[in-house]
Amino acid sequence: MTQKVADSGRGRSHAVHRALKRAILDQALSPGAKLPEDSIGERLGVSRTLVREALVRLSEEGLVDLRPNKGATVARPTLEEGRNLFLTRMALERLVVETLSGKLTKEQIDTLSAHIAAEDAAKPEHALSIRLAGEFHTLLAQMTNNASLIRYVNETVARSSLILALYGRPHSSDCAVSEHQDILDHLIAGKSDAATKLMTHHLDSITTRALLPREDDRNIKDVLSAYAVAEGLA
């Protein structure tokens, strides 16, 4: 009986973690939003203890900020943190690609193909599209059966999704879906070098096209030229 109660408690704790994590990644809870334990517990029908456990776990994943005497909030990573994160993520996912190239089973290929189809169907919904795009990368990591790699990819992808929600600019998700399909095709064919280059390009494109502008070295005159014309100053 005691074991069943313990198992039930762990199950509910995981469920609270999953619910909060999905709400954050779906942008239902915005960066900086307060996360009061009592309100969350009341809404989810669980104790504050279980909520606190979930918040601590989310904090370890970089999705929640916990501050003494100030409570929990959805994390607000800086642009610099975002740049560093994506550099780390690129290195991790190159290892994922190298591990999986030419080794995917039919079941794994079917799973990834179905996920890409779901991404394609979700394109009109920006928040859902971000989450599914991230899950494609965590699916790949899971297929390596490397526990450490799975953990670190999961954490960086989750954090990346939060940064996308905070800083991302609207863009077509057609490219992301087609790039995922191209990555899968290269992995199936065992083209490790091509798959690695494509994954690097894919993640680099996210940081520049949809997320983080690189260090801006443009001349201020060039930046202001269009504004000068608009105001009749040129």
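**Close-up views of the predicted model**

**Figure 1. Overall arrangement of the chain.** From the N terminus on, the elements follow the order α-α-α-β-β-α-α-α-α-α-α-α. This predicted model comprises ten helices and two strands. Of the 234 residues in the chain, 40% are buried. Contacts between residues at least 6 apart in sequence join residues at least 24 apart in 73% of cases. The accessible surface of the chain amounts to about 13200 Å², and carbon and sulfur atoms account for 53% of that area.

**Figure 2. Helix α4 and the residue that follows.** Helix α4, residues 79-100, contains 22 residues. The distance from the first C-alpha of α4 to the last is 31 Å, close to the 32 Å expected at 1.5 Å a residue. Buried positions in α4 include Gly82, Leu85, Phe86, Arg89 and Met90. Leu92, Glu93, Val96, Val97 and Leu100 of this helix are likewise buried. An α-helix has 3.6 residues a turn, so residues three or four places apart point the same way. Just after α4, Gly102 adopts a positive phi of about 75°.

Figure 3. Arg22 pairs with Glu135 in a salt bridge whose closest N and O atoms are 3.9 Å apart. Because Arg22 belongs to helix α1 (residues 2-25) and Glu135 to helix α6 (residues 126-142), the pair ties together parts that are 113 residues apart in sequence. Both partners are partly exposed: Arg22 has a relative accessible area of 45%, and Glu135 has one of 24%.

Figure 4. In the salt bridge of Glu37 with Arg52, the closest N and O atoms lie 2.9 Å apart. Glu37 is in helix α2 (residues 37-44) and Arg52 in helix α3 (residues 48-60), so that the pair links distant parts of the chain, 15 residues apart. Glu37 counts as buried at 19% relative accessibility, the cut-off for a buried residue being under 20%. Arg52, at 38%, counts as partly exposed.

Figure 5. Lys106 forms a salt bridge with Asp110, with 2.9 Å between the closest N and O atoms. The two residues both lie in helix α5 (residues 106-121), where they are four residues apart, about one turn of the helix. Lys106 counts as exposed at 63% relative accessibility, whereas Asp110 is partly exposed, with a relative accessible area of 40%.

Note on methods: Residues numbered from 1 in each chain as written. Predicted model: local features only at pLDDT ≥ 70, side-chain atom pairs only at ≥ 80, totals over all residues. Heavy atoms only, no water. Buried < 20%, exposed > 50% of the residue type's maximum accessible area, 1.4 Å probe, protein only. Contact = heavy atoms within 4.5 Å. Areas by Shrake-Rupley, 256 points an atom, 1.4 Å probe, with all protein chains shown as cover. Expected span 1.5 Å × (residues − 1). Salt bridge = Lys/Arg side-chain N within 4 Å of Asp/Glu carboxyl O.
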